[in-house]
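Please read this briefing alongside the sequence and the coordinates. It moves from the overall fold to an annotated region and then to a surface feature.

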Amino acid sequence: VQLAATAAGRLRLRACGCYLVLRELHGRERNPRVLRACSKLIQVLIGDEPGPGLQNLLEVPIPEELQQHLRHLDSEEEEEEEQEERK
């Protein structure tokens, strides 16, 4: 995921065919945490590139309200995964 943070890293991952491998992994993997990480990376790779000055996704400013909302969504996903693992 760190490699996908920069424009150069995303370009390299795309050039190596990483998306195809991730897509195949996503179709076969059963571990919810791996699936979630895989999905997020796929979204980064297939998404549009950000505008000038935003090529490093780790440096993009995110408003506090949105950060809280995203943390809440992550927490809900983790809770669902834990419930699935208990079954």
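The protein chain holds four helices and zero strands, where helices (H or I, at least four residues) and strands (E, at least two) are DSSP runs numbered from the N terminus. The model is predicted, so that local features need pLDDT of at least 70 and side-chain atom pairs count only at pLDDT 80 or more, while totals for chains, interfaces and linings use all residues. Residues are numbered from 1 along each chain as its sequence is written, and side-chain values use heavy atoms, with hydrogens and water left out.

**Overall fold**
- Read from the N terminus, the elements of the protein chain follow the order α-α-α-α, and its C-alpha trace spans about 45 × 35 × 15 Å along the principal axes.
- Among contacts (heavy atoms within 4.5 Å) between residues at least 6 apart in sequence, 61% join residues at least 24 apart.

- Of the 87 residues, 15% count as buried, meaning under 20% relative accessible area, with exposed over 50% and partly exposed in between (1.4 Å probe, protein chains only).

**Annotated region**
- An unreviewed UniProt entry lists residues 2–52 as "domain: Protein HGH1 C-terminal", and such annotations may be inferred rather than shown by experiment.
- Over residues 2–52 the chain is 69% helix and 0% strand, with 19 Å between the end C-alpha atoms.

**Leu73**
- Leu73 lies in helix 4, which covers residues 64–86, and it counts as partly exposed because its relative accessibility is 32%.
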